[in-house]
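The following report describes one protein chain for a reader who is new to structural work. Please look at the sequence and the model before reading on.

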Amino acid sequence: MHCVRKVTDDLYWVGANDHRLHLFENIHPIPQGVSYNSYLLLDKQTVLFDTIDWSSCRQLLENVEYLLGDRPLDVLVINHLEPDHGASMEEILIRWPKVKVIASAKCYMLMRQFGFHLDGHECVEVKEGDTATFGKHTVTFIAAPMVHWPEVLMTFDTTNGVLFAADAFGSFIALDGKLFNDEVNFDRDWIDEARRYYTNIVGKYGPQVQAVLKKAAGIVDQIKFICPLHGPVWRNDFGYLLDKYQHWATYTPEDKTVMIAYASMYGNTESAAQALAARLVEKGVKGVVVYDVSNTHVSTLISEAFRCSHIVLASVTYNLGIYPVMANFLHDMKALNLQNRTFAIMENGSWACKSGDLMQKFLDEELKGMTVLNERVSMASHLGEGKADELEALADALVDSLAGK
Ligand code: FEO
């Protein structure tokens, strides 16, 4: 059965929802699913903007064929070729052998690398500032390299103000009938997954996202709809979304609060982390969150690290090193370019306690713009009552730092 939604005059969402995929990019859990968005413009020419993941290709074809009726598909615009969008393009090329393809030069290179067969198709190469007219609608292309791959374009329809934004402004979570941002409670139900999507997929490319945000600022008064490749279509409240992106792209925390991430083998480091959380809350800190790195997916840890201003790392020593899952969190922070946070360290080791110095070294030498508080809680096996002063000093240091002292 077809499943389409009208976005605005002449334009339809023809994508699909995926509740079967457990791991996005085979790494990030998506317990609430994901949508692959594709859009069909019915102008004098018919134009498909991006395709979808191969797993949902049948739904895309059913949707497109339903809306086209007896008409052919004239144009296929590929803004982003990553296979969660590009995988179905070969099927579109086969079904509509006369479809014209519009994409960037790098996108054509990737199409060939992925083995797509373009022979016989008119292939138009476009770059920043080029335009195309399909009848009533004229679009202009905006280069968005590394948001999230190097070939990415955004396409702006100057006739109706629709911005096809590729991966930008997208989110995990399947749409399940809803399409627009005002058909969901985004700030309550979606923002955490939108942040987890952004920070883990595009987080590394903050400077490139900032460049695109600058371009978007130049046309923001003309934008009526933001159509991303995942998640809701935005038709109002752009300020909310742009503000979130501004924070994420500049590695600016959203919340002045403390995230405690602990790595504990037998519960002793966990107990110390919980004691610190309780002291912080008693001292008036709002929004303290505590995560066990062993049972929290690193994509969630990363998302929370982007949100929070202060991060406490509490780790046992393991094989004379940092506990592996904590080390993985640190390496992911580096990979995703997280910057400008304040850290505090709690370490544990029954002999040869090393994790604190190693975490400090990693923060100082491998990450950018990180501050590590001088106060540290150091445990031998567990946090005994004799260490209460150390815990108190660390809590006080965090409170002072949060207050900007
Ligand atoms: Fe949703 Fe970069 O692909």
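Does Thr269 count as buried or exposed? Thr269 has 0% relative accessibility and therefore counts as buried; the term buried means under 20% relative accessible area, exposed means over 50%, and partly exposed lies in between (1.4 Å probe, protein chains only). The model is predicted, so local features need pLDDT of at least 70 and side-chain atom pairs count only at pLDDT 80 or more, while totals for chains, interfaces and linings use all residues. Residues are numbered from 1 along each chain as its sequence is written, and side-chain values use heavy atoms, with hydrogens and water left out.

**Overall form**

The protein chain has 12 helices and 22 strands. Helices (H or I, at least four residues) and strands (E, at least two) are DSSP runs, numbered from the N terminus. Along the principal axes, the C-alpha atoms fill a box of roughly 80 × 40 × 35 Å. Of the 405 residues in the chain, 57% are buried.

Thr269 belongs to helix H8 (residues 268-282). Leaving aside residues up to four places away in sequence, Thr269 touches Ala263, Ser264, Ala314, Ser315, Val316, Asn348 and Met379; contact means heavy atoms within 4.5 Å. Helix H9 (residues 298-307) is largely enclosed by the rest of the structure, because 9 of its 10 residues are buried. Among the buried residues of H9 are Leu301, Ile302 and Phe306, as well as Glu304 and Arg307.

**Two domains**

The domain assignment of the chain gives domain 1 (5-249) and domain 2 (259-400); such bounds come from an automatic or database domain assignment. The contact takes 11 residues from domain 1 and 13 residues from domain 2. The table lists values for this pair of domains.

| Item, domain 1 and domain 2 | Value |
|---|---|
| Distance between C-alpha centres | 39 Å |
| Area buried between them | about 950 Å² |
| Salt bridges | 0 salt bridges |
| Polar contacts (both at pLDDT 80 or more) | 6 residue pairs |

Buried area is the accessible area (1.4 Å probe) that two parts lose on being put together, summed over both. A salt bridge is a side-chain nitrogen of Lys or Arg within 4 Å of a carboxyl oxygen of Asp or Glu. A polar contact is a pair of N or O atoms within 3.5 Å; within protein, one must be able to donate a hydrogen and the other to accept it, and residues adjacent in sequence count only if both atoms are side-chain atoms.
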